[in-house]
Amino acid sequence: MAAHCTYRKLLKALHTHVTKDPSKSSFRDYVYLEYRKNAGMADGPLLREKLQLAEDYATLLTSIHFHKELLFSYNIAVDREAEQKARIKNTAERVGLQLPKLEFEIDDKTSSSIT
């Protein structure tokens with residue numbers, strides 16, 4: 001029963017954080033083949049070790065995902081001014097407004113297209 005729970009936890013973590021795109025199904029296929037290959041294994045230290053490894057990997061995937069979310073929520077490695085402008089623009093568009101084009105923004109676009 002522990003193998004079944006671990007298998008489901010690992011597949012859920014893979015689907016949520018890695019294999020949403022159908023082209024990345026190789027991870028899910030590998031896990032499926034490994035579980036099928038070891039299905040007849042008697043309960044022993046090797047089986048417990050493999051189950052622990054699978055559970056640790058599922059926890060690692062989930063932890064990495066939450067860590068990335070925390071970094072973005074604290075705006076680490078993100079230009080805060082650009083993030084704020086994008087947020088204001090999105091908010092204005094939600095209520096049916098458009099932000100005016102500022103003179104320096106127009107100059108920046110024309111000078112970047114020239115170079």
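## Span and faces of helix α1

In this predicted model, helix α1 covers residues 2–17, and at 1.5 Å a residue its 16 residues should span 22 Å, which agrees with the 22 Å that separates its end C-alpha atoms. The expected span is taken as 1.5 Å times one less than the number of residues, and helices (H or I, at least four residues) and strands (E, at least two) are DSSP runs, numbered from the N terminus.

Thr6, Tyr7, Leu10, Ala13 and Leu14 are the buried residues of α1, where buried means under 20% relative accessible area, exposed over 50%, and partly exposed in between, with a 1.4 Å probe and protein chains only. These residues cover an arc of only 135° around the axis, which puts them on the same side of α1; the arc is that of the directions from the helix axis to the C-beta atoms. On the face of α1 turned away from this buried side are the exposed residues Arg8 and Lys12. The packing partners of the buried residues of α1 are α2 (26–37) and α3 (45–73).

## Basis of the values

Residues are numbered from 1 along each chain as its sequence is written, and side-chain values use heavy atoms, with hydrogens and water left out. As this is a predicted model, local features need pLDDT of at least 70 and side-chain atom pairs count only at pLDDT 80 or more, whereas totals for chains, interfaces and linings use all residues.

## The chain as a whole

Of its 115 residues, 15% are buried. Among the contacts (heavy atoms within 4.5 Å) with a separation of 6 or more, 50% are between residues 24 or more positions apart.

Thr6, in helix α1, is buried with a relative accessible area of 6%. Leaving aside neighbours within four places in sequence, Thr6 is in contact with Tyr35, Leu51, Ala54 and Glu55. Ala58 lies in helix α3 and, at 1% relative accessibility, counts as buried. With the same exclusion of neighbours within four places in sequence, Ala58 is in contact with Lys9, Leu10 and Ala13. Between Ala58 and Thr6 the C-alpha to C-alpha distance is 8.5 Å, although the two are 52 residues apart in sequence.

Asp29 is found in helix α2 and is partly exposed, with a relative accessible area of 38%. The C-alpha atoms of Asp29 and Leu11 are separated by 10.0 Å, and these residues are 18 residues apart along the chain.

## The largest pocket

The largest pocket holds about 620 Å³ of space. A pocket is defined on a 1 Å grid over the protein atoms alone, as an open set of points where a 1.4 Å probe fits, with protein on both sides within 12 Å along at least five of seven lines, and lining residues have an atom within 4 Å of a point. Grid points are joined across faces, edges and corners, and the volume is the space filled by probe spheres set on the points.

The largest pocket is lined by 21 residues, of which Leu10, Val31, Glu34, Tyr35 and Ala54 are the closest to its centre. The elements that give two or more residues to this lining are α1, α2 and α3, and α2 gives the most, with seven residues. By residue class, the lining divides into 16 nonpolar, two polar and three charged residues, with Ala, Val, Leu, Ile, Met, Phe, Trp, Tyr, Cys and Pro counted as nonpolar, Asp, Glu, Lys and Arg as charged, and the others, Gly among them, as polar.
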